[in-house]
Amino acid sequence: MPQQAATRPPVTSLGVQPGVRVGVPGGEAAMGPWTCGLLLSFLGVCACSEEDCVLGIVGQLVSLPCVLPQLITAVNVSIVWRRGEEVVLRSAWMDDGDVEEWSVNRAATPGDATLTGNLSLQLPVVEVSERRVNYSLLVTSGGNQSGAEMCAVCLRTAASFSSPVLWREEAGPGDETAFWCHSSGGFPKPAVYWLLNDSEDPPGGSVSTLAAALPRSLLYNVTSRLTLNVSDGASVSCVVENAALNENLTSTSSPVEVWGNPVASSRASEAMWIFSTALCAVVGVLVSVGVVYQIHLDRVSRRRRRESLKEPQRGYRRRNRGKEEEEEEEEEEEETMTPGRKETGV
C-alpha cells in the first residue's frame with residue numbers, strides 16, 4: 001500500500017446547499033481485502049452510548065469526538081458524517097494524497113485529519129434542539145459503496161438563564177404579600193424553587209410558575225409568583241435550576257428590601273429615562289449658547305484691538321494738521337503787518 005507523505009495534503013472545500021446529498025466520489029484503486037478487514041475490526045472503537053451525550057452550548061462551537069488512528073495510512077477512502085439520516089459532511093481521501101471535502105452549514109473536520117486520524121466533527125454554532133441528536137461517522141473504502149459505521153456520538157443542547165430578578169409587591173394591611181421572580185434566555189425548561197429564610201419551603205398552593213419558549217429561538221423565559229403572609233424580618237429566595245447544566249441561580253429579598261410592583265418600577269424607570277434625556281438636551285443647548293457667545297466676544301475683542309492700534313496714527317495726523325494751521329495763521333499776520341512797517345519807514 002502506498003504511504004502518505006509526512007506533509008499535510010492540500011484540502012479542497014466545496015460547499016453544498018443544506019439538505020442536498022452528494023454521491024461518494026469513486027476511487028481509482030481499491031484497497032486490499034486485509035485493509036478493509038482492518039477497518040471493520042475497529043467498528044466499535046468510537047461507538048458511544050445514548051447516555052454519554054456531548055453537551056453543546058447554544059450559539060457556541062462544539063466538537064463531536066472521533067479519532068481513528070488506523071486511517072492515517074489509508075488512501076482512496078471516503079468518510080461521511082450524518083445527523084440521523086441527513087449527510088452533513090463528506091470527505092474523500094484520494095490515492096494521490098488529495099482530500100476533497102463537502103459540508104453543510106460550515107461543518108468541518110480538523111485540517112490535520114489525514115496525519116492524526118482525528119475525524120471529530122466541528123459544528124460552528126449549536127442550535128436548540130428539544131431532543132437529543134445522533135451523529136454517526138461512516139467509512140467507505142475502494143469501490144465498496146456500503147460504509148462501515150466507525151463512530152456514533154449523541155449531542156444534547158443547553159443554554160444558561162439570566163440571573164433571576166426578584167421583586168416584592170407590597171399589599172395592604174392583613175393581605176398577602178406577592179413575590180415575583182423572572183429569568184430569561186435559557187434552555188431547556190427550568191425548575192423554579194422558593195425558600196423562606198434560606199431553608200423553609202413555602203406552603204402548598206402559594207407558588208404559580210409559567211415557562212414559555214420564544215417562537216424563533218426556542219429559548220425559555222420563566223416567571224414565578226409566590227403569595228403568602230410573611231413577617232417583616234423574613235427573607236425570601238428564588239432559585240432557577242437548569243438541570244442540563246447543573247446550574248442553580250439564586251436571588252434573595254432581604255428583610256430591609258421592599259420593592260414596588262413591576263408596573264410601578266417600570267414607570268419609575270421610564271420617568272428617570274425621560275428626565276435624563278431632557279437634562280442632556282438642556283446641557284447641550286447651554287453649551288452651544290456658551291460657545292456662540294464666546295465666539296462673539298472673541299470677535300469684538302479682535303476688532304477693538306485693531307482700532308486701538310490705528311488710534312495713535314490718527315492723533316499724530318490731527319496734531320500735524322493743527323500745527324500747520326497755526327503756522328499759516330502766523331504767516332498771514334506777518335504779511336498783514338509788513339506793509340504797515342514799510343509805510344511807516346517812508
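1. Cysteine 151 has 1% relative accessibility, so it counts as buried. Keep in mind that this is a predicted model. The partner is cysteine 66, and the two sulfurs sit 2.0 Å apart in a disulfide. Cysteine 66 is buried too, again with a relative accessible area of 1%. The S-S torsion for this pair is about 80°, so the link is right-handed. As for where the ends sit, cysteine 151 is in strand S10, while cysteine 66 is in the loop between strand S4 (62-64) and strand S5 (77-83), so the bond ties together parts that are 85 residues apart in sequence.

2. Strand S10 holds another bonded cysteine, namely cysteine 154. Cysteine 154 pairs with cysteine 53, at a sulfur-sulfur distance of 2.0 Å. This link is right-handed, with 75° about the S-S bond. Cysteine 53 is in the loop between strand S2 (46-47) and strand S3 (54-57), and strand S10 spans residues 148-158, so here the parts being tied together are 101 residues apart in sequence. Both cysteine 53 and cysteine 154 are buried.

3. The torsion about the S-S bond is -75°, and the link is left-handed. This pair connects distant parts of the chain: cysteine 181 belongs to strand S12 (residues 177-186) and cysteine 238 to strand S16 (residues 236-242), 57 residues apart. Cysteine 181 and cysteine 238 are both buried.

4. How many disulfides does that make? The count comes to three. If you number the bonded cysteines along the chain, the pattern reads 1-4, 2-3, 5-6.

5. Is cysteine 280 buried or exposed? Cysteine 280 has a relative accessible area of 56%, and because the cut-off for exposed is over 50%, that puts it in the exposed class.

6. There is also a nonpolar patch on the surface, made of Met272, Phe275, Leu279, Val283, Val287, Val291 and Ile295. Together these residues have about 650 Å² of accessible area. One of them, valine 291, lies in helix H3, which runs over residues 262-345. Valine 291 has 45% relative accessibility, so it counts as partly exposed.

7. You'll find it in the loop between strand S7 (99-103) and helix H2 (113-116). Threonine 109 is buried, at 11% relative accessible area. The side chain of threonine 109 makes a polar contact of 2.8 Å with the side chain of glutamate 101. Leaving aside residues up to four places away in sequence, threonine 109 touches Trp81, Leu89, Glu101, Leu119 and Ser120.

8. Finally, some overall numbers. The secondary structure comes to three helices and 17 strands. Of the 346 residues, 31% are buried. Take the contacts between residues at least 6 apart in sequence: 64% of them join residues at least 24 apart. The accessible surface comes to about 21600 Å², with 54% of it belonging to carbon and sulfur atoms.

Notes
Residues numbered from 1 in each chain as written. Predicted model: local features only at pLDDT ≥ 70, side-chain atom pairs only at ≥ 80, totals over all residues. Heavy atoms only, no water. Disulfide = S-S within 2.5 Å. Helix = DSSP H or I, 4+ residues; strand = E, 2+ residues; numbered from the N terminus. Buried < 20%, exposed > 50% of the residue type's maximum accessible area, 1.4 Å probe, protein only. Patch = residues over 30% accessible without salt bridge, like charges linked within 9 Å, V, L, I, M, F, W, Y side chains within 5 Å. Areas by Shrake-Rupley, 256 points an atom, 1.4 Å probe, with all protein chains shown as cover. Salt bridge = Lys/Arg side-chain N within 4 Å of Asp/Glu carboxyl O. Polar contact = N/O pair within 3.5 Å; in protein donor to acceptor, adjacent residues only side chain to side chain. Contact = heavy atoms within 4.5 Å.
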